[in-house]
Amino acid sequence: MGTLEISGLRKQFGGVVALAGVDLTIEEGEILGVVGPNGSGKTTLFNVITGVHKPTAGRVTWRGADITGLAAHAISRIGIGHTFQQAMAFPGLSVFENVQIASEHCRHARNEAYPWPSPDALLSFVGLQDLRREIAGIMPFGNLRLLGLALALASRPTMLLLDEPAAGLNDKETAKLVDLVKQLPGHGISVCVIDHDMNLMQRLCRRLVVLDFGSKIADGPTAEVLNDPKVLEVYLGG
Ligand code: ADP
């Protein structure tokens, strides 16, 4: 049984079919990549999983429990996290204070004893421990991305959804991010990442799912999917 099982997921915005009935399983401890051209439904899929949008039809189950249509705060509380947009960090506060606030917020939201990981442990994990007193809003973009990852991890997710995590990062920063994300399954966190950067996806994911016009057209080991004629047609056929 997968950690997250999606079946027949459909989402329409008026007459626009963003998801046309998607079946998808995300397994415990894996890093799954979801790719597809612009407008293929990747963001909508994330938004339905995280409770931003309610699906038009279909079912989402988490460890066997039906979570279809739950509100975003409820989804976050059961352990499905996502990266914060950088605007969600408090730009006038320090790096440490941002992570501390995120950790505190989650402590209250989930009503548990003060959790591992502590803000300091999170900052060490993402390599920002020496910048803990820096004001978040004036940090370079690459460091803000790392802070975004620390903030997402502060909610102690068991699954983390990453939306274009390396967008705007240089090669060195991307390599660091890939290294960090690959460590997450070892900390009990499954990962689902959406991106159209195939190079990044090849480095991160053993399994890829391809969406096209809201439908899944391929699902399997990364190398196989990238050689699938249907996928090549979508990417090269224009
Ligand atoms: P991707 O992330 O793969 O680029 P999206 O999920 O953003 O694709 O979009 C899929 C389709 O749904 C597109 O046709 C897009 O225009 C449409 N869409 C997405 N969100 C909305 C919305 N809030 N309102 C109307 N149409 C939307």
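**Close-up views of a predicted model**

View 1. Helix H1 supplies the largest share of the shell around the ligand, three residues. This is a predicted model, in which local features need pLDDT of at least 70 and side-chain atom pairs count only at pLDDT 80 or more, while totals for chains, interfaces and linings use all residues. Numbering starts from 1 along each chain as its sequence is written. Around the ligand stand Phe-13, Val-16, Ala-18, Gly-36, Asn-38, Gly-39, Ser-40, Gly-41, Lys-42, Thr-43 and Thr-44 (a residue is near a molecule or strand if its C-beta atom, placed from the backbone, lies within 6 Å of it). Two or more residues of this shell come from each of strand E2 (16-26) and helix H1 (42-49); helices (H or I, at least four residues) and strands (E, at least two) are DSSP runs, numbered from the N terminus. By class, the shell has three nonpolar, seven polar and one charged residues (Ala, Val, Leu, Ile, Met, Phe, Trp, Tyr, Cys and Pro count as nonpolar, Asp, Glu, Lys and Arg as charged, and the others, Gly among them, as polar).

View 2. Four strands form an open sheet in the order E2-E1-E4-E5, with antiparallel pairing (strands pair if DSSP finds at least two bridges between them). E2 and E5 are the edge strands, each with a single partner, so one side of each has no neighbour in the sheet. H1 packs on the sheet and touches E1, E2 and E4; contact means C-beta atoms, placed from the backbone, within 7 Å. The direction of H1 makes about 65 degrees with that of E2 (axes are lines fitted to C-alpha atoms, for helices over the stretch in contact, and angles run from 0 to 180 degrees between N-to-C directions).

**View 3. Strand E4 and its partners.** Strand E1 (residues 4-13) and strand E4 (residues 57-62) run antiparallel and are joined by five bridges. Arg-10 has Ala-57 in E4 as its bridge partner. E4 is also joined to strand E5 (residues 65-66), antiparallel, by two bridges. Thr-61 stands opposite Asp-66 in E5. The hairpin of E4 and E5 has two residues between the strands, and Arg-63 takes a positive phi near 50 degrees there.

**View 4. Helices H4 and H5.** Helix H4 (residues 119-126) packs with helix H5 (residues 141-154) at about 140 degrees, their axes 9 Å apart. Leu-122, Leu-123 and Val-126 in H4 meet Leu-146, Leu-149, Ala-150, Leu-153 and Ala-154 in H5. The residues of this contact are eight nonpolar, no polar and no charged.

Notes. Contact = placed C-beta atoms within 7 Å.
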